[in-house]
Amino acid sequence: MAVTIDLAGQVAVVTGGTRGVGAGIARALLAAGAEVVVCARRAPGRPVEAAGRTARYRPLDVRDADAVDGFFTWLRAAYGRLDLLVNNVGGSPYGLIADTGPRRAARVLELNLTAPMTVALAAHAMMRHQHGGGSVVMIGSVSGTRPSPGTAAYGAAKAGLENLARTLAVEWAPEVRVNTLVLGMVRTELSHLHYGEADGVAAVGRTVPLGRLAEPAEAGDACVFLTSGLARYITGASLAVHGGGERPAFLHAATVNAAEDTAATDPSAQGPTVQAPTTQEE
């Protein structure tokens, strides 16, 4: 029997849902039948749509606690309930932390950890008293589980966000489930800023075991699953959507050494092409 996830009648909020990963998540939720509200500081260039349905946009700076309270007051009046919060908003410019200093690090921590906590608390206030409770999905990153040179504060914030999710899952059970979606590299409209044009994106994709970057829709599919009844016994979990992660560095070294040994004994031999390791970011 085919398994169909139907979220008709459910209300979902996706922070930072106007582009990139957030828009992919919003579209997947729309396609599953949910009523979707996306919020961000700036309106999308075009409506976020899927399956003939459109997400509703509301402006919000998640770093402003008063604005967050106002947003959820509006949401309660407009919809009367909230079934899913996807805490997606986040990011960081590149820069070694010793060069960029503590003030920028604090701003990165605020955006990627403090603000999602504020939004989650406001969502919980709606979810905890309603029939069926609710679900919160934190959008994490592989940067929170391995060294994150150039985005140290971001990696630290994502590590903290994952721990926060596990803790809230205990504190808010059984009414509200809280999980983390741990993303690796995702191909979005801004990928060229990180990886270059199509050839660069393809080259970076070859460093992933599955051979490519993720699509925003694939993050969306995982969110649909986590909020559905199929995941009703899943809370406090971290679901990795990273295509297998990164190949261990020793495999790269072993390949290079083998090629060098072959070349030393047979100058006509051609060694394999090896891609340089690349930092993964959302």
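This is a predicted model: local features need pLDDT of at least 70, side-chain atom pairs count only at pLDDT 80 or more; totals for chains, interfaces and linings use all residues.

**The sheet and its helices**

Author: Strand 2, residues 35–40, is mostly covered, with five of its six residues buried.

Strand 2 runs parallel to strand 1 (residues 11–15), and five bridges join the two. In this pairing V14 has V38 of strand 2 as its bridge partner. Both strands belong to an open sheet of seven strands, ordered 5-2-1-6-7-8-9, with parallel pairing. At its edges are strand 5 (56–59) and strand 9 (238–241), each of which pairs on one side only. On average, neighbouring strands of the sheet are turned by 20 degrees against each other, direction ignored.

Further along the strand order, strand 6 (residues 84–87) and strand 7 (residues 134–141) run parallel and are joined by four bridges. Here L85 stands opposite V136 of strand 7.

Now to the helices on the sheet. Helix 7 packs on it and touches strand 6, strand 7, strand 8 (176–183) and strand 9. The direction of helix 7 makes about 160 degrees with that of strand 8. Helix 2, for its part, lies across strand 1, strand 2 and strand 5. Its direction is at about 160 degrees to strand 2.

Beyond its neighbours within four places in sequence, T227 is in contact with L7, Q10, L29, D83, L84, S135 and R177. For one of these, R177, the chain separation is 50 residues, while the C-alpha atoms of T227 and R177 are 8.6 Å apart.

Helix 2 (residues 65–79) packs with helix 3 at an angle of about 30 degrees, the axes being 10 Å apart. Angles under 35 degrees count as roughly parallel, and helix 2 and helix 3 are therefore roughly parallel to each other. The crossing of helix 2 past helix 3 is right-handed. On the helix 2 side the contact is made by A65, V68, F72, L75 and R76, and on the helix 3 side by T118, V119, A122, A123, A125 and M126. Sorted by class, the residues of this contact are nine nonpolar, one polar and one charged.

Helix 3 (residues 97–127) has a further helical partner in helix 4 (residues 152–171). Their axes come within 8 Å and cross at roughly 25 degrees. Helix 3 and helix 4 are therefore also roughly parallel to each other. Helix 3 passes helix 4 in a right-handed crossing. From helix 3, the residues I97, A105, V108, L109, N112, L113, P116, M117 and A120 take part. They meet A152, A153, Y154, A157, K158, G160, L161, L164 and L168 of helix 4. By class, this contact has 15 nonpolar, two polar and one charged residues.

Put together, helix 2 lies across strand 1, strand 2 and strand 5 and packs with helix 3, and helix 3 in turn meets helix 4. Helix 7 touches strand 6, strand 7, strand 8 and strand 9.

Notes:
Residues are numbered from 1 along each chain as its sequence is written. Side-chain values use heavy atoms; hydrogens and water are left out. Contact means heavy atoms within 4.5 Å. Axes are lines fitted to C-alpha atoms, for helices over the stretch in contact, and angles run from 0 to 180 degrees between N-to-C directions. Angles under 35 degrees count as roughly parallel, over 145 as roughly antiparallel, 65 to 115 as roughly perpendicular and the rest as oblique. A crossing is left-handed if the near helix is turned anticlockwise from the far one by less than a right angle, and right-handed if clockwise. Ala, Val, Leu, Ile, Met, Phe, Trp, Tyr, Cys and Pro count as nonpolar, Asp, Glu, Lys and Arg as charged, and the others, Gly among them, as polar. Buried means under 20% relative accessible area, exposed over 50%, partly exposed in between (1.4 Å probe, protein chains only). Two strands pair if DSSP finds at least two bridges between them.
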